[in-house]
Amino acid sequence: MKKLTLKKSIFYTLLFALSLASCKKEEAVDQNQQQTSTAEDIAKSTADPDSIKTKPVEESAPPMMQENGFYNAFAIPKDKKLRDSLYAVFSKKYTERERYAILALNRLDSKSKWNSDTLVVPAKIDTTLMAYSPFPMQLDVLSDVKKFVIFSYPIQAYGVYSNGALVKWGPTSMGKKSAQTDRGLMFANWKKKLAISTVKSEWKLPYNFNIHNTHGIGWHQYDLPGYPASHSCLRLLMKDAIWLYNYADTWILNPGGATTKAKGTPVMVFGDYGWGKRKPWRNLLNDPNANNISVEEMTKLIQPNVEKMIFEQTNREKVADSIKLAKATPAPVQETEFSEN
């Protein structure tokens with residue numbers, strides 16, 4: 001009888017152990033399936049084409065960082081609570097300057113920081129952004145051009161060259177599809193620290209610098225939502241708008257202001273945006289050089305305009321020098337005639 005009881009005890013013990021092992025195995029399978037599902041959601045989100053309405057990851061998915069070498073994908077959940085939680089992690093992980101750089105790479109300002117379902121984050125962050133420049137660092141074709149500003153529609157970015165050396169680049173939001181920014185060579189005209197939009201008077205435009213007077217196009221600070229959204233102007237981050245405001249030269253008008261005596265800094269806008277396609281900076285996740293513009297491409301684009309830029313540059317220097325000379329020269333004293341009575 002004791003032997004029978006012992007055998008039953010051993011049998012039930014083995015049965016319980018097998019049952020426990022089976023539960024653990026099923027739990028592990030469920031966890032693997034959940035992780036696979038989350039990874040697939042993020043992959044789908046990363047591959048979504050550019051649109052105002054983007055497809056986020058599932059609300060139940062936790063914030064994740066996909067490691068991918070030079071750039072990583074930082075997934076942003078749709079759920080507000082999860083998004084706020086992610087921002088807390090984001091703020092703790094990165095300094096204010098690092099966050100600014102990350103958002104700039106995604107063509108976003110702080111106001112529009114979650115206007116995307118995925119952030120492209122560099123593995124190593126350079127707060128000057130120069131390490132990620134899509135523009136060539138040196139362009140010999142511009143060696144005789146003292147100041148030059150170029151805006152790329154395809155990658156929504158601007159670059160600044162001084163005598164062929166890249167001195168600055170940054171993000172922009174150019175004209176939307178229904179109100180695109182004019183392409184081609186233009187010149188900086190007038191500037192104003194706070195302009196009022198001609199489209200809607202409620203729109204205030206800090207550090208506005210006009211480059212097309214008849215069409216009312218200029219660069220200035222305004223929201224960067226992560227896609228071309230303006231009414232043909234060139235939106236900038238505040239720091240960039242201030243920098244360019246102080247960098248570029250204005251036109252010089254003839255007395256009375258009716259005609260132009262000299263043109264300002266040359267500005268070029270080129271290319272076309274991939275409307276409805278994947279945001280170009282998302283391609284950095286697969287290829288860190290995906291947005292790079294080659295020296296050959298830039299040279300071919302700029303070369304036909306160099307002669308005109310140098311002509312206008314020389315003319316402006318002559319006009320500016322003549323104005324300085326006129327101001328420095330004292331006005332002749334007029335003799336007053338006295339008549340005797």
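User: How much space lies in the largest pocket, and what makes it a pocket rather than a cavity?

Analyst: This is a predicted model, in which local features need pLDDT of at least 70 and side-chain atom pairs count only at pLDDT 80 or more, while totals for chains, interfaces and linings use all residues. Residues are numbered from 1 along each chain as its sequence is written, and side-chain values use heavy atoms, with hydrogens and water left out. About 660 Å³ of space lies in the largest pocket, a volume being the space filled by probe spheres set on grid points joined across faces, edges and corners. On a 1 Å grid over the protein atoms alone, a cavity is a set of points where a 1.4 Å probe fits but cannot get out, whereas a pocket is an open set with protein on both sides within 12 Å along at least five of seven lines, so the name pocket marks an open set.

User: What makes a residue part of the lining, and which are closest to the centre of the largest pocket?

Analyst: Lining residues have an atom within 4 Å of a point; 28 residues line the largest pocket, and E96, R97, Y100, L237 and K239 are the closest to its centre. The helix α3 (96–105) is among the elements giving two or more residues, and α3 gives the most, with six.

User: Which residues is I302 in contact with, beyond its neighbours within four places in sequence?

Analyst: Contact means heavy atoms within 4.5 Å, and I302 is in contact with L139, V141, L142, F148, M268 and M309.

Notes
Helices (H or I, at least four residues) and strands (E, at least two) are DSSP runs, numbered from the N terminus.
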